[in-house]
Amino acid sequence: MSGGILVGEMAARASKGAPEQQDFVNGWPHPGLLSGAALQEDLAESFRRGVARSIEEHSLNYGNPATGSYMLGHPKFLQAMATFLEAQYDAPVDPNTLMSTVGASMGTDLCFRAYGKAGDICIFEEPGYFLSFQMARDQGLEPKGVPMYEDGMDLDALEQVCKESMGKVKLVYTVPVHHNPTGYITSNAKRVRLLQLAREYQFFVVADETYQLLNFQPTEVKPLFYHDDADDPRVFSIGTFSKLIGPGIKVGWVQAHPKLLQPLAGLGFIRSGNNPVIFSSMNLLHFVESGALARHIEVVSKDLGERCQLICRKLREVGLEVHEPKGGYSVWVKSKGKMTGRGGQDMAVKGDKFHDYMRLCYGWLSPEQLEEGIECAQQMHRFANPPVHKYALILWNAEQPKQELNVIMSSA
Ligand SMILES: Cc1ncc(COP(=O)(O)O)c(C=O)c1O
């Protein structure tokens, strides 16, 4: 600590060492979640069985010569996923409505490729999952933002864009549950209306439900697929094992009406290479069927739920307002001073909003690091905006750099 002599609370903190800045950027599962003995053993057993049965199951090939290639995924894996998801969602899942993918990102990318063309508009929530914007731009789509509220996207704003753009809105991308970065959940009323708008204005909805199965509390929402109309289907519900097992697994799925899945399976690189996760998904078959996946999801949800509670309590203690998520990996906080985590401006399509917001991920850091990081942010915040009474507590010695003193004085 340079030059300042601190008294009171700050002096006490200085005596045990100043809290260090922490990196709240990573929306990753922490190493402890990946290295648990049960997970490691269950995966090893599942992989062993997958390899042992690979010839019999044709999982090292393009498919089964008798029934054809597995464009949508290996039929046994799709059946196992249907059974697993049925129990998780408490709703029927027909394996013919599933396609396996390389995680959620590939699911989104496939939908943008198959259902958008250059010049079409793709709507995003703002703030929104910042890495999705580029997937639209990659296809020549024009991303446009509409505000995201606690109960979901501003649907009046969406309708306005649809009217003004005269049929150019072809895709709407939404993270309707445990939204990244805000943690918001789209209400059932908004889900119904979004689908009404989709039918009226003829757009497709890409629902990135990466966090659907990662719940700390009940949510009372089912995947958007269950709001779709089989006579005029419009929804892709996208799931992934990335935040449940680990991002390196890179297996996910799309749930949609079979008619909507066909163009995804018909894309050039799928027709040429076939479904990209035939082998890796089949190595997970036993993990899914044996109940190990469901057990692991409980472990992950409990662990992350505790971290989420901790960071939210800590944030409140330091005087920041926070919407406590019921699942997912991040909290969204309006800063009052110096920033930490990922800057909110990244979460706007044009980078022109949310400059004073930060997305703080709690999945990567230990509980101690979470506490320390928020304490450090609090100190930085005080540094930038010290309440007037704090002046009485801060004495400066002659070595205090003038510049820092000026910061304190000018931010009163
Ligand atoms: C909303 C959302 N979608 C997709 C992803 C990436 O998922 P995957 O690794 O399965 O592609 C993330 C990762 O942070 C995410 O937050």
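Strand 12 and strand 14 (residues 357-361) pair in the antiparallel sense over 5 bridges, where strands are DSSP runs of E with at least two residues, helices are runs of H or I with at least four, both numbered from the N terminus, and two strands count as paired if DSSP finds at least two bridges between them. The model is a predicted one, in which local features need pLDDT of at least 70 and side-chain atom pairs count only at pLDDT 80 or more, whereas totals for chains, interfaces and linings use all residues. Residues are numbered from 1 along each chain as its sequence is written, and side-chain values use heavy atoms, with hydrogens and water left out.

Within this pairing, S330 has C361 of strand 14 as its bridge partner. The two strands belong to an open sheet of 3 strands in the order 12-14-13, with antiparallel pairing; strand 12 (330-334) and strand 13 (342-343) are its edge strands, each pairing on one side only. Helix 13 (residues 292-317) lies across strand 12 and strand 14 and runs at about 10 degrees to strand 12, contact being defined by heavy atoms within 4.5 Å and angles, from 0 to 180 degrees, being taken between the N-to-C directions of axes fitted to C-alpha atoms, for helices over the stretch in contact.

A further open sheet comprises 8 strands in the order 4-11-10-9-8-5-6-7, with mixed pairing. Strand 4 (98-101) and strand 7 (152-153) stand at its edges with a single partner strand each, so that one side of each is left without a neighbour in the sheet. Strand 5 (residues 121-126) and strand 8 (residues 169-174) pair in the parallel sense over 4 bridges, and the bridge partner of I121 in strand 8 is V169. Helix 6 (residues 130-138) packs on this sheet, touching strand 5, strand 6 (142-149) and strand 8, and its direction makes about 175 degrees with that of strand 5.

Among the residues surrounding the ligand are G103, A104, S105, N180 and D208, a residue being near if one of its heavy atoms lies within 4 Å. A polar side-chain atom of S105 lies 2.5 Å from an oxygen atom of the ligand, and the corresponding distance is 2.7 Å for K250, polar contacts being pairs of N or O atoms within 3.5 Å.

Methods: Polar contact = N/O pair within 3.5 Å; in protein donor to acceptor, adjacent residues only side chain to side chain.
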